[in-house]
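Look at the chain from one end to the other before reading on. The paragraphs below go from the overall form to single residues.

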Amino acid sequence: MAERYDCHYCKESLFGKKYVLHGENPYCVKCYESLYSNTCEECKKPIGCNSRDLSYKDRHWHDGCFHCFKCHRSLVDKPFSTKDEQLLCTECYSNEYSSKCFECKKTIMPGSRKMEHKGNSWHETCFTCQRCQQPIGTKSFIPKDNSNYCVPCYEKQFALQCVHCKKPITTGGVTYHDQPWHKDCFLCTGCKEQLSGQRFTSRDDFPYCLNCFCNLYAKKCAECTTPISGLGGTKYISFEERQWHNDCFNCKKCLVSLVGRGFLTERDDILCPNCGKDI
C-alpha cells in the first residue's frame, strides 16, 4: 500500500494535485498562498504561485503591477528610481526631480556626473571656461559676471600685472602711484623689507620705510643728532639752517623749553633771555 502524501497544513491528499514545497514540507496551492504568499503593493492581492514575484526593499509586486507611478509603463527588467516610496521610470524621475543644467537647460540624468556651484548644476561637458571653452572639470576656476573662467584664462583677461615682476595679481595686491604691485614685490628701496601694512614715504618716486628714509634723507637734530622725520605731524624748530626736535629746543643752561618763546644764541648754543642777558 502506497504511503499517503498530504498537505502539511490542511492534511488533504496531494495525490494528482499541484503542491509547493516549503522547507521540507509539502503544501497544497491554496494553503501555501494563504500562509506564505506576499501581498502586492499595487493591487493588495496575494502574489500566487503562478505569478512572478518582483521585490524591492522588502516590498513585493505582481510583474503586471510593477510599473511607473507617473506614466504607468512597465518597469520589469528596466532601471527605475523611487520618490516618497513611489516607483518612477528614469525619464519621469528626471523630468520631475532631477537638476537642470544651467548652461543647456536640459535635465541632468540620474547617475551622470554633474558639477555644482552656488546652487546651480551643470553637465560635466557644459561646465566650461567662458574664454577657452574647455571643460573645467575638477580644476580651479574663478567666477565673474555669471561666467566661469579657468585660472590661466582669467589671469590673461582680467588680472592686473605687477609693475615690478610683470606677473598677474590674482589676490590682494598694493596700489602705489596708481600702479599695481604684489605685496611681496612692494619693498623698501633701502632695506628691501615689505612695505605692505606699514607706514612709508617716498623720495624721487622710490618708496622707503620710515627708518631708511630718516637715516638717508632726514635732517639731524642740532641737539640730539638723531633724524627729524617731519612725518606724521612730527613738530620741529628750524633756525639758520639748523633744526631741533620740539623736545630738544631748550635753553643750554637752564634747560627751559624755548618753543614759542624768544631766545638768544651764543655760538652754537641757544639760551633763554634770562640766561643770555649777560652775553
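A residue is called buried when its relative accessible area is under 20%, exposed when the value is over 50%, and partly exposed in between, with a 1.4 Å probe and protein chains only. The model shown here is predicted: local features need pLDDT of at least 70, side-chain atom pairs count only at pLDDT 80 or more, and totals for chains, interfaces and linings use all residues. Residues are numbered from 1 along each chain as its sequence is written, and side-chain values use heavy atoms, with hydrogens and water left out.

The term pLDDT stands for the predictor's confidence in each residue, on a scale from 0 to 100. Its average over the protein is 85, and 96% of the residues score at least 70. Confidence is lowest in helix α2 (residues 90-97), with a mean of 79, and highest in strand β4 (residues 59-62), with 92.

Start with the overall form. The C-alpha atoms fill a box of roughly 160 × 45 × 30 Å along the principal axes. The radius of gyration of the protein is 46 Å, whereas a compact globule of 279 residues would have one near 19 Å. This radius is taken over C-alpha atoms, and the globule rule is 2.2 Å times the number of residues to the power 0.38. Of the contacts between residues at least 6 apart in sequence, 11% join residues at least 24 apart; a contact means heavy atoms within 4.5 Å. Buried residues make up 31% of the 279 residues. The protein exposes about 19,200 Å², of which carbon and sulfur atoms supply 46%; such areas come from the Shrake-Rupley method with a 1.4 Å probe, and for residues only the protein chains shown count as cover.

How many helices and strands does the protein have? There are five helices and 22 strands. Both are DSSP runs numbered from the N terminus: helices are H or I with at least four residues, and strands are E with at least two. Strand β1 (residues 19-22) pairs with strand β2 (residues 25-28) in the antiparallel sense, over four bridges. Two strands count as paired if DSSP finds at least two bridges between them. Leu-21 stands opposite Pro-26 in β2. β1 and β2 form a hairpin with two residues between them, and Gly-23 in the turn has a positive phi of about 70°.

Cys-89 is found in strand β6 (residues 86-89) and counts as buried because its relative accessibility is 10%. Leaving aside neighbours within four places in sequence, Cys-89 is in contact with Cys-68, Cys-71, Arg-73, Leu-75 and Pro-79. The C-alpha atoms of Cys-89 and Cys-28 are separated by 37 Å, the two being 61 residues apart along the chain. Ser-121, in strand β8 (residues 120-123), is buried at 8% relative accessibility. Not counting residues up to four places away, Ser-121 touches several others, including Phe-102, Ile-108 and Met-115. Asn-148 lies in strand β10 (residues 147-150) and is buried at 9%. Among the residues that Asn-148 touches, beyond those up to four places away, are Trp-122, Phe-127 and Phe-141.

Now turn to the loops. His-72 lies in the loop between β4 and β5 (80-83), and its phi is near 65°, a positive value in a residue other than glycine. Is His-72 buried or exposed? His-72 is exposed, because its relative accessible area is 54%. Lys-166 lies in the loop between β11 (160-161) and β12 (168-169); its phi is near 70°, also positive in a residue other than glycine. Lys-166 is exposed at 53%.

Side chains of opposite charge can pair when their charged atoms come close. A salt bridge here is a side-chain nitrogen of Lys or Arg within 4 Å of a carboxyl oxygen of Asp or Glu. A search of the whole structure finds seven. One of them joins Lys-17 and Glu-12, at 3.7 Å from N to O; Lys-17 is partly exposed at 45%, and Glu-12 is partly exposed at 47%. Another joins Arg-52 and Asp-77 at 3.5 Å, N to O. Arg-52 lies in the loop between α1 (29-36) and β3 (53-56) and Asp-77 in the loop between β4 and β5, so this pair ties together parts 25 residues apart in sequence. Arg-52 is partly exposed at 40%, whereas Asp-77 is exposed at 68%.
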